[in-house]
Amino acid sequence: MLTTRTAVLAIYQYWLQSRVRPMWHFILVGAVNTGGTYAIYVIADQFVRFEIAYTISFASGVLFSLVATSGFVFRVRLRWRSMIAYPTFYVLSYLVGLRLVVVLVMHWHINEAIAPLLVLFVMIPLNYLVARFIFLQMN
């Protein structure tokens, strides 16, 4: 017999699995991606010019994020549509974040070291929502 308590627990468990778990996995993937791409940059910088090292690390980060976000965060298979949409959004997200940093530093006179951290508070939820749309709605 289904009781109110059982129903509430089932709804709560569904909510945790469908909403909260992916958010934490998204943050974890982002942290691993940041550390990994920085390590790639530092290693590549020993062998090639810094611009090329940055490009290699950025492209590696996009590829890792694409695979990890689809498989680990949202548990869906990659499709051509999401393989095109996600990297495109990744570049757009970079440009929006860059613009926000410029506005904070140049117009609001926020410290250059603090501005990118403030931008994270806007970009992480936005990136999560768009990634969720790309992998769950477009797939």
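Guide: Before we start, two residues are in contact when they have heavy atoms within 4.5 Å of each other. Bear in mind, too, that this is a predicted model.

Visitor: Fine. Which helices do the buried residues of helix 3 pack against?

Guide: Start with who is buried: in helix 3 the list is Ser82, Ala85, Tyr86, Phe89, Ser93, Gly97, Leu104 and Val105. The partners those buried residues pack against are helix 2 (50–73) and helix 4.

Visitor: On to the rings. How is the pair of phenylalanine 26 and tyrosine 128 classed?

Guide: There are eight aromatic pairs in the structure. In this one the ring centres of phenylalanine 26 and tyrosine 128 are 5.4 Å apart, with 75 degrees between the planes. Planes over 60 degrees apart fall in one class, so the pair of phenylalanine 26 and tyrosine 128 is edge-to-face.

Visitor: How many residues apart are they in the chain?

Guide: Phenylalanine 26 sits in helix 1 (residues 4–45) and tyrosine 128 in helix 4 (residues 115–137). Both are buried. The pair links distant parts of the chain, and the separation in residues is 102.

Visitor: And why is the pair of tyrosine 86 and phenylalanine 135 called tilted?

Guide: Stacked needs planes under 30 degrees apart and edge-to-face needs over 60, with the rest tilted. The centres of tyrosine 86 and phenylalanine 135 are 5.1 Å apart, and the pair is tilted because the angle between the planes is 45 degrees.

Visitor: Are tyrosine 86 and phenylalanine 135 buried or exposed?

Guide: The cut-off for buried is under 20% relative accessible area. Tyrosine 86 has 4%, while phenylalanine 135 has 0%. Therefore tyrosine 86 and phenylalanine 135 both count as buried.

Visitor: Which helix gives the largest share of the lining of the largest pocket?

Guide: That pocket has a volume of about 1,100 Å³. Of its 31 lining residues, the closest to the centre are Asn33, Thr34, Tyr90, Leu120 and Asn127. By class the lining has 20 nonpolar, eleven polar and no charged residues. The largest share, ten residues, comes from helix 1.

How values were computed:
Residues are numbered from 1 along each chain as its sequence is written. This is a predicted model: local features need pLDDT of at least 70, side-chain atom pairs count only at pLDDT 80 or more; totals for chains, interfaces and linings use all residues. Side-chain values use heavy atoms; hydrogens and water are left out. Rings of Phe, Tyr and Trp (its six-membered ring) pair if their centres lie within 6.5 Å; planes under 30 degrees apart count as stacked, over 60 as edge-to-face and the rest as tilted. Helices (H or I, at least four residues) and strands (E, at least two) are DSSP runs, numbered from the N terminus. Buried means under 20% relative accessible area, exposed over 50%, partly exposed in between (1.4 Å probe, protein chains only). On a 1 Å grid over the protein atoms alone, a cavity is a set of points where a 1.4 Å probe fits but cannot get out, and a pocket is an open set with protein on both sides within 12 Å along at least five of seven lines; lining residues have an atom within 4 Å of a point. Grid points are joined across faces, edges and corners, and a volume is the space filled by probe spheres set on the points. Ala, Val, Leu, Ile, Met, Phe, Trp, Tyr, Cys and Pro count as nonpolar, Asp, Glu, Lys and Arg as charged, and the others, Gly among them, as polar.
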